[in-house]
Amino acid sequence: MNNSWIERKKTNHIFVGDVGVGGDHPISIQSMTNTNTADVKATVNQIEQLHAAGADIVRVSVPDSDCAKAFKKIKQSVSLPLVADIHFDYKIALLVADSADCLRINPGNIGKENKVKEIIQAANDNNIPIRIGVNAGSLEKDLQKKYGEPNSDALVESALRHVDILNRHDFSNFKLSLKASNIQMTVESYRKISKLLDQPLHLGITESGSYRAGSVKSSIGLGMLLSEGIGDTVRVSLASDPVDEIKVGWDILKSLNLRSRGIRIVACPSCSRQNFNVIEVVNELETRFEGIAEDLEVAIIGCYVNGPGESKAADVGLTGGPSNLLYVDGSPSKKISNEKLVDTIEEQVREQLQKKSAVDIIVKG
Ligand code: SF4
């Protein structure tokens with residue numbers, strides 16, 4: 001779904017495995033494993049959890065040759081496209097190029113042009129893209145010296161240098177990221193690069209912090225850029241379970257109507273007018289709906305102040321009252337007692353999903 005008010009910049013597109021990034025492709029959501037890559041089983045397991053949560057692409061760190069060997073095995077066991085994350089040692093990129101779906105390199109630490117040239121050759125041989133991942137925390141030394149401290153101009157200059165190398169080698173299969181932990185610097189950097197280049201952009205606020213603070217920071221930073229039409233793929237960086245990054249990424253895109261997935265619960269914050277425990281009901285429903293990928297809107301409203309309006313606008317709605325009233329497809333359906341609220345709403349939602357999928361089958365023939 002993209003019925004957003006946002007007009008996305010139409011960038012060039014590339015493919016990371018079978019996931020299109022840029023152009024008209026939906027904004028993809030990615031995360032990064034935090035297991036020891038050499039532990040194939042644990043890493044595959046985490047990638048599967050990320051897949052179930054709705055990841056489109058997963059990045060895996062490849063710090064050494066043991067991890068490079070493990071990366072190949074991991075790739076054989078999962079269906080999601082994998083980006084190999086390479087720092088310092090370009091030879092690791094050469095080792096994994098035949099199994100990765102994308103190579104992420106950091107201009108600040110990958111070294112001289114001849115090394116980048118070899119990576120380009122390997123990417124070309126395997127028909128995979130490269131991500132130029134600039135990071136404020138690891139800018140090239142001469143840029144650090146030139147600018148005194150990291151700023152958006154330094155990030156853009158670092159990116160352009162590497163773009164220039166790729167251009168000189170006729171390599172256009174790449175995307176870019178320019179990340180900082182500072183929202184202003186990140187937003188300015190992406191705005192500048194977006195004016196200069198048409199390559200797809202991978203958005204992120206790096207090292208944004210803990211689950212709560214990082215989610216807020218990422219939502220603001222990514223939200224500013226996405227609302228301006230900038231960004232083709234996102235990663236929310238959190239000091240938390242990577243699955244949380246996927247969930248927050250989805251919530252950001254869903255909030256902007258850029259993509260849809262799963263049950264969207266509209267809920268009032270509750271107050272003394274509530275006729276049932278709104279927070280408890282919403283939390284329980286959220287848990288029960290976790291595995292559902294289909295899109296449906298459910299309104300849970302504690303009283304008649306806002307209940308009927310919101311309930312009518314949703315696929316399934318509940319308005320609290322002396323007799324709580326269930327709405328289905330915008331019309332009052334039946335009264336429900338407080339004890340049966342969660343079960344009845346879950347039942348109704350699953351029924352609606354079945355109806356929707358039956359209609360889809362008929363429409364698609
Ligand atoms: S909808 Fe009713 S219960 Fe919910 S916050 Fe508003 S007034 Fe309170």
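Just after helix α7, Asp 170 takes a positive phi of about 55 degrees, where helices (H or I, at least four residues) and strands (E, at least two) are DSSP runs numbered from the N terminus. The model is a predicted one, in which local features need pLDDT of at least 70 and side-chain atom pairs count only at pLDDT 80 or more, whereas totals for chains, interfaces and linings use all residues. Residues are numbered from 1 along each chain as its sequence is written, and side-chain values use heavy atoms, with hydrogens and water left out.

Helix α7 itself comprises 17 residues, 152-168, and reaches 24 Å from its first C-alpha to its last, close to the 24 Å expected at 1.5 Å a residue, the expected span being 1.5 Å times one less than the number of residues. At the start of this helix, a side-chain oxygen of Asn 151 comes to within 3.1 Å of the backbone nitrogen of Asp 153.

Strands β7 and β8 belong to an open sheet of eight strands, which has the order β8-β7-β6-β5-β4-β3-β10-β9 with parallel pairing. At its edges are β8 (174-179) and β9 (202-203), each of which pairs on one side only; two strands are taken to pair if DSSP finds at least two bridges between them. In general, strands of a sheet pair through backbone hydrogen bonds, either parallel or antiparallel.

Within this sheet, β7 (residues 130-135) is joined to β6 (residues 102-105) by three bridges, and the two strands run parallel. Leu 103 stands opposite Ile 130 in β7, while Ile 105 has Ile 132 as its bridge partner. Towards β8, strand β7 pairs in the parallel sense over six bridges, and there Gly 133 has Ser 177 as its bridge partner. Six of the six residues of β7 are buried, so this strand is largely enclosed by the rest of the structure. Ile 130, Ile 132 and Val 134 point one way from β7, and Arg 131, Gly 133 and Asn 135 point the other way. In a regular strand the side chains alternate between the two faces of the sheet.

Strand β3, also part of the eight-stranded sheet, contains Ser 31, which counts as buried because its relative accessibility is 1%. The side chain of Ser 31 makes a polar contact with the side chain of Glu 245 at 2.8 Å and reaches the backbone oxygen of Pro 242 at 3.4 Å. A polar contact is here a pair of N or O atoms within 3.5 Å; within protein, one must be able to donate a hydrogen and the other to accept it, and residues adjacent in sequence count only if both atoms are side-chain atoms. Leaving aside neighbours within four places in sequence, the contacts of Ser 31 include Leu 50, Arg 235 and Ile 246.

Pro 242 and Glu 245 are among the buried residues of helix α10. For the 14 residues of this helix (residues 242-255), a span of 20 Å should result at 1.5 Å a residue, and the end C-alpha atoms are 20 Å apart, which agrees. Eleven of the 14 residues are buried, so α10 is largely enclosed by the rest of the structure. The buried residues of α10 pack against β3 (28-32), α1 (40-53), α9 (211-227), β10 (233-235) and β11 (263-267). The N-terminal end of α10 is capped by Asp 241, a side-chain oxygen of which lies 2.9 Å from the backbone nitrogen of Val 243. Val 243 and Gln 49 are 194 residues apart in sequence and 6.9 Å apart in space, C-alpha to C-alpha; Gln 49 lies in helix α1 and, at 38% relative accessibility, counts as partly exposed. Just after α10, Asn 257 takes a positive phi of about 55 degrees.

Notes: Buried means under 20% relative accessible area, exposed over 50%, partly exposed in between (1.4 Å probe, protein chains only). Contact means heavy atoms within 4.5 Å.
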